[in-house]
Amino acid sequence: MDITIDWLAFVQVFAAALAGAVLVVGFYAIGLRMLVRAGRAPVVAPAEFTDAITVITEAEARKAAKAAAKAAKKSPLTDGQKRLALAGACASFGLCGVAVIAGLVLIVAGR
């Protein structure tokens, strides 16, 4: 029994995985940055865990929401620029989703 490794296929899979990871993370980071520039900083409510995981308190969540609202008020962007940044964020998140779906299609459909 002779086992051979197709190194070219290995390199292709590695390159595709690396490119996919860079695209998904990059589009998500750009979308999140544009979302913050649009004055819509995401504030996550504290979660309740049964284990010994430390979460923020309700007071800390209110403080973070207040800081996000204050930062949104101080934004130097006009309303039109904020809308454009929000549209760019939505487009970036959409491209992130397209990259994930394209990766799944490649996995399921094969070559």
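A: Helix H1 gives the largest share of the lining of the largest pocket, nine residues, where a helix is a DSSP run of H or I with at least four residues, numbered from the N terminus. A pocket is an open set of points on a 1 Å grid over the protein atoms alone, where a 1.4 Å probe fits, with protein on both sides within 12 Å along at least five of seven lines, and lining residues have an atom within 4 Å of a point. The model is predicted, so local features need pLDDT of at least 70 and side-chain atom pairs count only at 80 or more, while totals for chains, interfaces and linings use all residues. Residues are numbered from 1 along each chain as its sequence is written, and side-chain values use heavy atoms, with hydrogens and water left out.

The lining of this pocket has 17 residues, and nearest its centre lie Ala16, Ala17, Gly103, Leu106 and Ile107. H1, which runs over 7-37, and H3 each supply at least two residues of that lining. By kind, the lining residues divide into 13 nonpolar, three polar and one charged (nonpolar are Ala, Val, Leu, Ile, Met, Phe, Trp, Tyr, Cys and Pro, charged are Asp, Glu, Lys and Arg, and the others, Gly among them, are polar).

H1 has 31 residues and should span 45 Å, and its end C-alpha atoms are 44 Å apart, so the two values agree (the expected span is 1.5 Å times one less than the number of residues). After H1 comes Gly39, with a positive phi near 85°.

Ser92 lies in H3, which covers residues 79-109, and it counts as buried because its relative accessible area is 4%. Leaving aside neighbours within four places in sequence, Ser92 is in contact with Phe27, Ile30 and Gly31, contact being heavy atoms within 4.5 Å.

For the setting of these helices, the protein has three helices and zero strands, and buried residues make up 12% of its 111 residues.

Methods
Buried means under 20% relative accessible area, exposed over 50%, partly exposed in between (1.4 Å probe, protein chains only).
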